[in-house]
Amino acid sequence: MKTLAAAAVDGDALAARYRANRARTRAIYATLAPEAYEVGPIPLRHPFVFYDGHLPAFAFITLVRDALGRPSIDPALETLFNRGIDPRDAAQAQQHRRSAWPDRAAVERFGAACDAAVLDAYATARLEDSENPRLVRGEAAYTIVEHEQMHDETLMYIVRRLDRALQRGPRGAHRDVAPPPREPIAIPAGRATLGAAREELAFGWDNEFERCEVEVGAFAIDAYDVTNGDYLAFVRDGGPVPPNWFERDGAWMLRATYEDLPLPLSWPVYCSQQQAAAFASWSGGRLPTEAEYHRAAFGTPSGEERPHPWGDAAPDPARHGNFGWRRYDPEPVGLSPDGASAFGVHDLVGNGWEWTSTPFAPLPGFRQMASYPQYSHDFFDGMHYVMKGAGPVTAGDLVRRSLRNWFYLDYPYMDATFRRVYDC
Ligand SMILES: [Fe+2]
């Protein structure tokens, strides 16, 4: 693994990423009918108005107000929109439900003021300060950029659940082809490196550190993700129905992001971790551990480990997989052979996050982030499971080996798929 030299924090480059994020968020909101603004299509997620305020508010609070110590813009709106953690259950959701949000013009004015202050900070402030815990290696300046990228991804699965009459999104071009012949691939015993050393990355979230090595026994793994077609046999045998499937006139349909499609049998199935585990055991396999995912994705027959499944090249959605917003929905498994791992396992990055059987937990050497201490810590409860890889609307610059995502075990809406492993 190459070690990246810790580059000086580049305010112009971060400002460009921040602007691109804001533009993408605006483009997502442009696909919602005006009446959708206060709608929350998923009961345990906030309505769209919240995220419209939250994204610029979090950026302003984290970098400008709390890290740089500059004055507040509007303390009441900052408090209202800073609360980024979604409610855990229906009772809490009820508590959080407000009878009235500020009107849209007020939220947009507040957001514009936050953006102006953030861009001014990127242009003028000292973003890196080893004496200020929130600015060590530019932590807050990077945090707010990746925070919005992650929210834009999760916004899309909320948009997908919105009443079609309130959507104004584009229809996509979709393919459904016969999946390639699929034989599990043998992965010999070997070493997997999880996490990263702090000096290896310009920025990483708290749960990505420290770097640790684990020995993994031999196993075999599906070369491709489990498809809708594979999963259909399980449903016909009484298995749980995935969240975006429904029946119309006796035929199975898929709720894609902006349209309903006849169920594309060659696409990876998206489902909860519990549903994935149930399918795996019904069909004679099990879900991979996080370390087994790393072996299959980054290991090589020679024992070296790679930064990406395909090698050293920077992630390129045109070559390596279905990520980076080139489409909103999955595509048939195996369409990105250039992104296959050294062992010949396909789509490990892209076309849907990959569920593992590993509960989300800190790596040895974990330390909470000064600028966002609750980011991971609140989820180390044994009920959240690690997902790896990337989905169609994961930003290309979030694709890195150490990145870990996680969701509640029966949370059904995420762009998450799976493959099985088999003990040798
Ligand atoms: Fe947030």
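This is a predicted model: local features need pLDDT of at least 70, side-chain atom pairs count only at pLDDT 80 or more; totals for chains, interfaces and linings use all residues.

User: Why is alanine 57 called buried?

Analyst: Buried means under 20% relative accessible area. Alanine 57 comes out at 0%, so it counts as buried. You'll find alanine 57 in helix α2, and it touches Phe81, Phe110 and Cys114, leaving aside residues up to four places away in sequence.

User: What makes phenylalanine 81 and tryptophan 101 a stacked pair?

Analyst: Two checks. The ring centres have to lie within 6.5 Å, and planes under 30 degrees apart count as stacked. Here the centres are 6.1 Å apart and the planes sit at 25 degrees, so the pair is stacked. Phenylalanine 81 belongs to helix α3, while tryptophan 101 is in the loop between α4 and α5, 20 residues apart. Both phenylalanine 81 and tryptophan 101 are buried.

User: How do you know that tyrosine 142 and phenylalanine 203 are stacked?

Analyst: Run the checks again: their centres are 5.7 Å apart and their planes are at 10 degrees, so this pair is stacked. Tyrosine 142 is in helix α6 and phenylalanine 203 in the loop between β2 and β3, so the pair ties together parts 61 residues apart in sequence. Ring pairs also link both into a cluster, whose members include Phe58, Trp205 and Trp406.

User: What makes His54, His147 and His151 donors of the iron ion?

Analyst: A donor is an N, O or S atom within 2.8 Å of this metal. Each of these histidines coordinates the iron ion through NE2, at 2.2 Å, so they meet the 2.8 Å cut-off. Their spacing in sequence is H-x92-H-x3-H. Histidine 54 is in helix α2 and histidine 151 in helix α6, 97 residues apart.

User: Why is α6 described as largely enclosed?

Analyst: Count its buried residues: 22 of the 22 are buried, so the rest of the structure largely encloses α6. From first C-alpha to last, α6 reaches 32 Å, close to the 32 Å expected.

User: What makes arginine 401 sit "over the face" of phenylalanine 298?

Analyst: For Arg, CZ must be within 6 Å of the ring centre and within 35 degrees of the ring normal. Arginine 401 is at 5.9 Å from the centre of the phenylalanine 298 ring and lies over its face.

User: Which residues have the most contacts inside the largest nonpolar core?

Analyst: Leu63, Tyr122 and Phe418, in a core of 94 residues. Helix α2 gives the most to this core, with 12 residues.

Note on methods. Residues are numbered from 1 along each chain as its sequence is written. Side-chain values use heavy atoms; hydrogens and water are left out. A nonpolar core is a set of buried Ala, Val, Leu, Ile, Met, Phe, Trp, Tyr and Cys residues joined through side-chain atoms within 4.5 Å. Buried means under 20% relative accessible area, exposed over 50%, partly exposed in between (1.4 Å probe, protein chains only). Helices (H or I, at least four residues) and strands (E, at least two) are DSSP runs, numbered from the N terminus. Donors are N, O and S atoms within 2.8 Å of the metal (3.2 Å for Na, K and Ca); water is not among the atoms, so sites may look incomplete. The expected span of a helix is 1.5 Å times one less than its number of residues. Contact means heavy atoms within 4.5 Å. Rings of Phe, Tyr and Trp (its six-membered ring) pair if their centres lie within 6.5 Å; planes under 30 degrees apart count as stacked, over 60 as edge-to-face and the rest as tilted.
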